[in-house]
Amino acid sequence: MAHAPDLAERLGERLSRLPLVKPRAVEALPIHIDRRRIYVLPTGFGLFLGLMLGAMVLGGLNYNNNPALMLAFVTAAVAHNSLVQAHLALSGLRLVALHAEPVFAGQAMLVRAAFEATGLRHRPGLELSAGGVQAAFDLMPGERAEAVLALPTTRRGWLEPGRLRLSTIRPLGLARAWSWLLPRTRLLVYPLPEAGEVALPAQGGDSTSRRTRQHGEQPHHLREYRPGDARKQIAWKPSARSSRLLVREYEASAPRELELAWEALHGLAHETRIRRMARWVIDAERLGHRYRMHLPSAVIGPGRGPEHRHACLRALALMPDA
Amino acid sequence: MPERLPKPLRNWCMAAAAACLLPLLLQVPPALALALAAIAAVGYGFDKRWPGVLRLALLLGVAGYVLVTFGFNIGRDVGTALLAALLAVKPGETHGRRDAQSLLGFSLFAPFAAFLQDQGPLVMALSLLALGLLLVALSMLAEYRPGAPAPRFETSRARSMGLAVLVALPLALAGFWLFPRLATPLWGMPENALGRGGLDERMTPDQWIDMFASDAPAARVRFPGATPARQDLYWRAQVLWDFDGRSWTRERGLAGSEPASDPVLPTPSNVIDYELSLEPTDQRYLLVLDRPLEAPEGARLLADDSVVANAPVSRLLKYTGRSVAGPRTDLTLDPATRQRATALPAGLNPQTVALGQQWSAESGGSDVAVVRRALEWIGAEFSYSLTVPPTGLHGVDEFLFDTRVGFCQHYSSAFATLMRAAGIPSRVVIGYAGGYRNPYADYWVVRRMDAHAWNEVWLEGRGWTRVDPTAAVAPVRILDTIEDRQRAEALLPEAFTPVRDLADWARRSWNELVLSFDADRQARLFRPLGIDQASAGQLGLAFAIGAGAVMLLTLWYLMRGQPASRDPLVAAWLEFAKRLRRAGLGKAPSEPPLAYGRRLSEALPGQSETLVSLSRRYAADRYAPDGLDGEARRQLIADLKAFRPARKPR
């Protein structure tokens with residue numbers, strides 16, 4: 001969700017380019033957030049309130065107005081303590097895990113960041129943000145909390161989540177404490193499969209005899225939804241009954257063993273080739289075919305199932321650019 | 001479409017702003033306060049943002065009204081009223097988060113502005129309440145995220161904000177006591193457009209009725225040494241020299257020199273020391289016991305024995321004074337002063353003038369005889385009353401020869417006129433007479449109802465001598481106690497007297513402890529450590545050390561964290577896990593209770609049954625839909641608390 005950055009965020013962003021600001025290099029998990037890498041600055045509102053308090057203290061001193069001074073000092077002390085509390089809310093946190101299911105380019109990748117902390121402090125109102133997206137979470141003592149960031153993806157390949165910012169403005173919204181995290185993690189983004197009507201390549205030579213119908217396989221077999229399945233294949237009524245998305249599999253196209261060959265797509269643009277191959281993998285998997293993928297660098301398979309599918313899509317995702 | 005705060009959140013912000021505004025509204029005229037409260041309420045009730053034109057028109061209208069109310073004078077009270085007006089208009093434009101933040105920020109300034117007018121404990125209490133509400137609103141605002149459910153108010157939030165204030169108190173007190181104070185202000189206090197509660201530089205008979213009805217204190221006095229008799233408690237405020245037929249006034253330029261005369265040598269028997277705290281008057285006179293020997297610091301003693309401060313008294317002022325009982329022997333009177341002290345407006349009060357001249361001729365040159373004759377006449381034929389018919393052009397004639405009833409203003413004005421007609425130099429002194437001794441603490445309170453006017457005449461060989469014509473007619477009226485007066489007038493049932501005395505004592509303690517702390521007292525703070533007058537540098541160092549120590553203490557407290565949960569079962573479970581951690585069997589953060597229980601039972605085979613049962617019951621309460629019932633929960637809490645690992649695991 002978008003929000004207007006406050007003063008501390010804008011300043012923090014600028015300051016982060018200074019050579020002294022930590023961390024300077026990517027770090028291995030778990031990342032321990034100690035006090036040396038936590039920064040605190042007043043928010044715009046905090047600065048406004050601080051100016052008010054300064055005026056009150058100055059006026060109170062000038063007129064020797066003791067109640068006004070007392071009020072100003074109490075408020076200032078509460079504000080000061082809130083800065084300390086914001087700092088303490090981050091201090092001692094650990095980022096213990098960062099992972100995400102691969103998605104196709106263009107989809108939002110749900111990056112899960114798991115945090116832990118020792119000690120008895122409540123740590124409510126933590127925010128994790130990266131690249132303009134934010135996630136809020138609370139961390140109770142002795143528990144583990146997960147923040148889910150919906151990172152946008154644009155292209156296939158490794159996605160580096162880059163610099164994450166863990167911050168909080170609690171308890172009073174007067175100051176923002178933050179710490180930069182540079183986890184050494186790469187997240188995989190599959191190529192976006194080609195859309196529209198795409199025919200699978202012709203059947204391979206020796207597959208007919210191998211493939212026999214398995215026991216229990218019905219003409220209208222239902223299986224779980226996988227990303228890439230066409231919407232019209234979804235079996236809505238059984239899905240509603242089982243509270244999972246189920247997809248109807250048509251047995252009209254009998255399982256075959258397919259050769260998905262890079263060379264067969266000669267003449268198409270590089271990225272289009274990759275997208276076509278990705279589509280083939282998805283379609284072949286959905287239809288229950290065994291398939292083998294021929295890439296310039298490697299031959300994968302033959303095989304079938306989620307792991308094989310992942311291996312193929314991963315290889316496609318990591319194809320060098322043309 | 002600008003973001004809009006959810007209703008409960010907006011309500012809390014409004015409540016906080018209203019609480020901040022309240023002490024300020026108490027300082028503005030009631031009609032204006034009502035109007036502003038109504039505007040704020042309408043703005044709060046309105047669901048839509050008011051158009052800019054309307055807001056501007058409203059603001060200009062209110063500002064115009066304020067200026068008219070205060071007669072187009074610009075003063076501190078006008079500023080206060082304008083700030084209240086700004087805040088009252090603000091709810092009408094408060095809908096988003098930023099609006100709410102600016103509303104709350106400006107609201108914080110309202111109690112401060114109120115303190116410029118009134119530093120009493122009531123305003124302080126209201127301001128602390130306002131601060132608490134403000135913090136609650138701030139914390140809710142910090143928690144608010146668009147799209148997420150609105151933060152709710154729970155008692156735990158109020159508790160944690162109260163705790164935040166308590167935790168902040170040591171640091172605040174360090175700042176209050178040790179932050180170096182200014183010995184001399186950088187700029188002066190803006191004056192109020194309308195005066196408050198003091199004695200004017202002008203006395204017009206019939207004008208003091210309001211004061212006589214007010215039992216608000218004008219000053220509190222403590223006598224460290226001997227206490228003078230009550231009939232000697234005449235508190236001088238101003239000396240009025242000039243009479244225009246209706247009002248007595250003083251003209252600043254004419255009485256600005258130091259006393260020219262030699263005062264009587266003070267002897268230990270007739271010197272009186274006192275400590276006086278003067279309630280703010282917004283005027284420059286200081287109240288001193290008749291007759292002052294010297295001026296307190298920051299003030300001047302004038303030739304007519306009145307004391308004038310260098311700046312208007314706009315806050316509680318505490319000073320020590322020295323006075324001498326009995327008349328002063330200033331035996332010379334220069335011709336200019338004599339002329340001024342015998343001047344009368346031409347053509348007015350012919351009867352009085354004639355009577356004065358006649359008595360002067362009959363006295364054979366003895367001024368004392370004339371004074372005595374006048375007092376006897378007044379004592380025999382006049383009476384005291386606060387209800388007096390209005391008088392016309394020859395006010396003194398009407399009073400002396402027609403109505404013959406009045407109060408101190410009439411008596412002092414007529415007496416001075418009569419004396420001047422007889423050629424005796426005389427002047428009017430206004431101030432307070434008497435006082436009331438608080439039976440619970442050793443101090444006197446002088447109330448506004450003790451306001452009094454008397455005369456001084458210059459007698460050959462005796463100098464300026466106090467004469468109180470009102471005492472000749474009604475000595476009781478001047479020197480009686482408030483107790484007597486209230487019994488007579490039934491202002492307040494007698495049963496409440498102790499309550500009032502104690503309340504006044506509390507107010508005085510507040511004045512002594514809080515209000516009168518200043519640079520001077522701060523400098524003497526380290527006297528017990530052998531530092532007589534701490535310098536600004538020493539104070540700065542003390543502040544740095546004190547604040548640093550308090551901050552460390554606060555940091556330690558904050559780092560400790562709170563008990564993990566208000567839920568006693570969760571707290572007991574965490575305690576249980578903590579005890580086992582000491583035995584080397586800590587719970588991993590992500591470990592579910594049942595798995596933890598299994599691991600424990602393997603590590604401590606002797607207690608395995610108990611451990612499995614404990615973890616199972618805990619899991620049942622935490623994760624089963626209904627949880628445990630009350631009795632089972634209590635039992636589990638007790639069992640968790642009672643559990644001790646039998647021995648160190650292998």
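In the largest nonpolar core, which has 132 residues, Cys13(B), Ala16(B), Leu21(B), Leu134(B) and Ala137(B) touch the most other members. A nonpolar core here is a set of buried Ala, Val, Leu, Ile, Met, Phe, Trp, Tyr and Cys residues joined through C-beta atoms within 7 Å. Buried means that 20 or more other C-beta atoms lie within 10 Å of the residue's own; exposed means 12 or fewer, partly exposed in between, with C-beta atoms placed from the backbone. Helix H3 (residues 66-90) of chain A gives the most to this core: 15 residues. A second, separate core holds 73 residues, including Ala237(B), Leu286(B), Val396(B) and Trp454(B).

This is a predicted model: local features need pLDDT of at least 70, side-chain atom pairs count only at pLDDT 80 or more, and totals for chains, interfaces and linings use all residues. Residues are numbered from 1 along each chain as its sequence is written, and chains are lettered from A and ligands numbered from 1 in the order in which they are written.

Now the chain contacts. 45 residues of chain A are in contact with 55 residues of chain B; contact means C-beta atoms, placed from the backbone, within 7 Å. On the side of chain A that touches chain B, helix H2 (44-62) and H3 each supply at least two residues. H3(A) gives the most, with 16 residues. By class, this side has 26 nonpolar, 14 polar and five charged residues. Ala, Val, Leu, Ile, Met, Phe, Trp, Tyr, Cys and Pro count as nonpolar; Asp, Glu, Lys and Arg as charged; the others, Gly among them, as polar.

Chain A has six helices and 17 strands. These are DSSP runs numbered from the N terminus: helices are H or I of at least four residues, strands E of at least two. The radius of gyration of chain A, over C-alpha atoms, is 28 Å, well over the 20 Å that the globule rule (2.2 Å times the number of residues to the power 0.38) gives for 322 residues, so chain A is more spread out than a compact globule. Its C-alpha trace spans about 100 × 45 × 35 Å along the principal axes.

Three strands of chain A form an open sheet, ordered S4-S12-S9, with mixed pairing. Pairing requires at least two DSSP bridges between two strands. S4 (103-104) and S9 (157-159) of chain A are the edge strands. S4(A) pairs with S12(A) (residues 187-190) in the parallel sense over two bridges. Phe104(A) has Tyr190(A) as its bridge partner in S12(A).

Terms used:
Contact = placed C-beta atoms within 7 Å.
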